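Q: I have a structure open and want to go through some of its local features. Can you take my questions one at a time?

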Amino acid sequence: MILEFLVDHQLNLMLMLSGICGMLAIFVCFIKVLSFKRKISLMALEISACMLLIFERYAYAYRGDISMTGYKMVRISNFMVFFLTLFVIFSFNHYLMDLFKNEGEVRRIPVRLHAVNVLSILGEILIIISQFTGFYYTFDEYNRYQRAPGFIVCYVIPFAILLIQLSVIIQYYDRLIRGVRMSLLLFTVIPLAGSLVQIFAYGLSLTSITMVGMVVLLFIFAILDLSSSVERAKNIEIEFLKKEQKDIQVLFEQTTQALATAIDAKDKYTHGHSTRVAEYSRKIAELAGKTQAECDEVYFAGLLHDVGKIGIPSSIINKDGKLTDEEYAEIKKHPSIGEQILSGITKSPYLSIGAHYHHERYDGRGYPEGLKGEDIPDIARIIAVADAYDAMTSKRSYRQTIPQDKVREEIVKGTGTQFDPKYAKIMIHILDLDSEYELKERDEVKELSGKSQLKFDELCSGISEGIHVTPKKIKIRFLSTTDRNYLRKECIPSLIVFDALDGRTHFDEKKAEMLYVEYCRIRFDGETECLEARKIRTEKTVIKEKTDSPELSEKGIIYEVEACKFKDHVMLTVSNEFEVYTHIIALPDSARFAYIGLTGEHCTISNISIDNSEEEIDENAIPRIAEEITYIDGPEGDVPNVQINGWCLDASQGIAIKDGMKVTFHTMSLPTARLIWHTAYIELFYSKDALVNGKDFSQFALIRIDGEAWDTHEGVESKTRIDKSEDFEGWDAWKEINKKGMDVEVLFRRKGNKITVITENCGISIKSVITIQDEFPEIYMALTGDQCAITNIRSVNKKITEIIEGIKTTNVPGTGSEKE
């Protein structure tokens with residue numbers, strides 16, 4: 001009954017569905033929130049579906065019409081039906097690819113979907129050929145469509161395509177929302193079922209009708225998904241707006257600080273100048289009785305007061321000697337340039353005011369406008385005093401910091417002429433309070449981002465950026481003073497010893513993202529808290545008896561911290577005039593980094609200096625308190641095993657390359673490894689002692705066993721081909737295999753200075769040809785890498801014909817790529 005109904009009414013059904021598809025194609029044009037690719041795919045789907053049913057109706061309408069018009073229309077219509085059926089599937093495939101990439105977050109589009117594109121094009125070509133050969137269908141003397149012996153092929157290709165698409169949809173089913181994934185399943189399953197019925201139900205266009213019906217359904221679900229996405233976006237926007245008020249100030253501060261740092265970086269003599277001027281300006285504004293908002297405006301205007309120097313040639317800014325009149329005229333342009341740069345920030349007009357007028361003088365002899373007295377904006381008058389003060393208290397190429405008494409004298413001289421008397425008086429007051437002359441330029445401490453001191457309330461309420469601990473000793477010296485309201489023994493500085501990708505401490509959701517590991521905490525009274533470290537040993541040496549008096553804590557204690565690291569051990573020495581604490585920390589293994597962060601409890605550290613030694617310590621510098629964690633205890637081959645804890649930090653002994661030489665080894669990435677390039681590398685080089693970094697060392701090439709390769713020496717040409725076979729299961733699977741360990745076999749061919757390196761692992765075939773133009777007595781290979789352990793290294797020299805049969809390297813099915 002159902003089939004009979006469809007046969008009787010299928011032309012009307014086709015007309016209705018084609019009209020719907022036409023309308024939907026128009027609607028798609030006006031949907032702005034769809035991505036361009038998805039919009040094109042949907043439009044192609046709707047238009048091709050509409051045209052498919054129109055031509056299907058024409059095929060039925062002119063069937064049996066033996067007129068010339070009927071003759072042409074039947075042939076054109078049937079061709080277009082076959083052609084557009086595949087085109088609809090082709091358009092759906094592009095819709096799938098865009099959907100999986102953007103909604104499903106599939107980083108690499110499955111190869112199967114690319115294969116569908118190829119099959120679709122092949123199918124269209126066969127349809128065209130069929131028009132001239134009658135392979136799919138013919139027409140009898142009454143101009144009626146007749147199936148040809150090859151008609152089943154025209155079903156096989158769409159069947160295969162829909163099944164491939166169905167397999168991809170099932171694989172990534174959970175990555176899409178329910179409505180969308182259901183529409184995708186129906187698009188593939190329903191036409192498949194309709195095609196099966198149509199094979200046996202001649203005269204019924206179930207394939208076209210079901211496919212077009214699913215195109216309409218696909219659009220409906222796409223709109224529903226769009227509606228859900230808009231709703232989600234609306235909720236996210238509401239949450240964002242709530243959070244934005246809190247974050248916008250932080251963003252503004254970070255942006256202005258970054259711009260100030262960029263400004264200071266242009267002038268080699270004024271590092272930290274903008275930050276210091278901003279801090280001094282805020283102090284003046286606070287003592288002048290400004291509101292908190294006004295003090296903040298003064299601070300940020302001070303940060304960006306010299307932004308105009310970006311437009312001044314570096315040769316003038318960094319000139320060692322006295323400027324010529326022409327050069328000084330160029331320098332005087334920077335206030336106007338700064339005003340032009342910042343005038344576009346209409347929400348914060350005070351920024352451009354500070355930049356434009358900070359070189360005006362109170363007596364009217366300044367520049368660029370020559371304003372006088374209170375005609376000069378208030379912010380600019382404050383910055384003018386702070387700017388002049390920092391200029392005098394900072395080092396220059398031609399002088400050291402000016403003594404404090406001379407600085408005070410110059411400000412007094414400039415009162416009423418160069419400076420506003422009100423703000424000059426406040427600056428003099430600040431100077432009088434600064435008995436230790438702390439308000440001046442100090443040696444740059446990048447870990448403090450240009451700040452002159454760190455103040456801590458609760459422990460870890462503030463922590464410096466990580467200071468990297470390496471085999472080169474680092475010395476940190478600072479003054480620590482305790483908050484007078486918390487004169488307790490625990491109110492002292494502390495160190496956090498940690499590792500993180502960005503070299504900073506994390507106690508929030510970024511902890512996992514940054515692979516944050518906290519080894520231990522060390523208080524400056526010798527107390528330690530062992531966390532992720534294996535062991536800590538502390539030794540105390542008393543220099544003289546310490547008196548725990550409040551006066552001492554308030555006055556402050558000078559501390560010195562010395563830190564160094566060798567493999568998996570860190571040594572920290574914390575000393576003051578009374579005692580020395582030596583801490584030795586055993587890290588989980590040698591591959592990990594170590595940073596120290598300065599923190600404390602109810603104390604302030606200031607006068608910080610950091611000195612780095614150029615000499616590296618050796619293994620005897622730090623007494624070992626725990627056994628070394630090693631991953632190279634496995635069998636040893638012809639050369640010693642090697643563990644590489646960081647990028648090319650170590651390497652195996654060199655082996656002279658001979659034609660037909662085969663090198664085998666076992667490689668395993670270390671537990672800390674997380675990236676593809678944390679694996680073994682093949683290094684080609686020359687040195688007199690056959691050691692990497694040995695005497696007269698020259699490196700020619702590095703070849704990673706994941707296929708990346710570089711020529712690293714001038715006069716070296718390299719070409720690398722990488723093929724992936726069906727055995728390659730993706731990079732995530734490859735990394736897992738690398739973690740468990742794999743055996744690798746490398747074949748070397750040599751013809752003079754032309755070296756060919758061939759290897760294969762886990763479905764990756766690598767062939768690298770390195771041509772060395774210069775002459776060297778010998779060419780060696782060694783194994784190195786990044787965060788990996790290499791064991792059982794063996795080399796065998798054979799005739800090339802004996803071993804080439806045993807290595808699958810040159811003709812592996814897959815896609816190849818050339819790298820020059």
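This is a predicted model: local features need pLDDT of at least 70, side-chain atom pairs count only at pLDDT 80 or more; totals for chains, interfaces and linings use all residues.

Q: Where is D508 in the fold?
A: D508 sits in the loop that runs between strand 6 (493-499) and helix 17 (510-513).

Q: Which residues make up the negative surface patch?
A: The negative patch consists of D502, D508, E509 and E513.

Q: And the nonpolar patch on the surface, what forms that?
A: M23, I26, F27 and F30 form it, and together they have about 460 Å² of accessible area.

Q: Take F30 from that set. Where is F30, and is F30 buried or exposed?
A: F30 lies in the loop between helix 1 (2-29) and helix 2 (36-61). F30 counts as exposed, because its relative accessibility is 66% and the cut-off is over 50%.

Q: Now the inside. How many residues are in the largest nonpolar core, and which touch the most other members?
A: The largest nonpolar core has 64 residues, and those touching the most other members are L45, F92, Y95, F100, L184 and F187.

Q: Which elements give two or more residues to this core?
A: Helix 1, helix 2, helix 3 (68-102), helix 4 (111-133), helix 5 (151-171), helix 6 (178-200) and helix 7 (206-266) each do.

Q: Which of them gives the most?
A: Helix 3 does, with 14 residues.

Q: What about I161, buried or exposed?
A: I161 is in helix 5. I161 counts as buried, because its relative accessibility is 0%.

Q: How far apart are I161 and N117?
A: In sequence I161 and N117 are 44 residues apart, and in space their C-alpha atoms are 8.9 Å apart.

Q: Switching to charges. How many salt bridges are there?
A: The count comes to 32 salt bridges.

Q: Start with D378. What does D378 form a salt bridge with?
A: D378 pairs with R381, and the closest N and O atoms are 3.3 Å apart.

Q: What about E562 and K475?
A: Their side chains meet in a salt bridge, with an N to O distance of 3.7 Å. The pair links distant parts of the chain: E562 is in strand 10 (residues 557-566) and K475 is in strand 5 (residues 472-482), 87 residues apart.

Q: And the accessible area of E562 and K475, what is it?
A: E562 is partly exposed at a relative accessible area of 22%, and K475 is partly exposed at 46%.

Q: Next, D723 and R721. How far apart are N and O there?
A: D723 and R721 form a salt bridge at 3.1 Å, N to O. D723 counts as buried at 4% relative accessibility, whereas R721 counts as partly exposed at 34%.

Q: Backbone next. Which peptide bond is cis?
A: The bond from Y367 to P368 is cis, with omega near 15 degrees. P368 lies in the loop between helix 13 (349-357) and helix 14.

Q: What is phi of N607?
A: Phi of N607 is near 50 degrees, a positive value in a residue other than glycine. N607 lies in strand 14 (residues 603-616), and N607 counts as partly exposed at 28% relative accessibility.

Q: And N792, what is phi there?
A: N792 has a positive phi near 50 degrees, and N792 is a residue other than glycine. N792 is in strand 26 (residues 788-797), and N792 is partly exposed, with a relative accessible area of 23%.

Notes:
Residues are numbered from 1 along each chain as its sequence is written. Side-chain values use heavy atoms; hydrogens and water are left out. Patches are made of residues with over 30% relative accessible area and no salt bridge: like charges are joined within 9 Å, nonpolar side chains (Val, Leu, Ile, Met, Phe, Trp, Tyr) within 5 Å. Accessible areas come from the Shrake-Rupley method with a 1.4 Å probe; for residues, only the protein chains shown count as cover. A salt bridge is a side-chain nitrogen of Lys or Arg within 4 Å of a carboxyl oxygen of Asp or Glu. Lys and Arg count as positive and Asp and Glu as negative; His and the chain ends are not counted. The place of a charge is taken as NZ of Lys, CZ of Arg, CG of Asp or CD of Glu. Helices (H or I, at least four residues) and strands (E, at least two) are DSSP runs, numbered from the N terminus. Buried means under 20% relative accessible area, exposed over 50%, partly exposed in between (1.4 Å probe, protein chains only). A nonpolar core is a set of buried Ala, Val, Leu, Ile, Met, Phe, Trp, Tyr and Cys residues joined through side-chain atoms within 4.5 Å.
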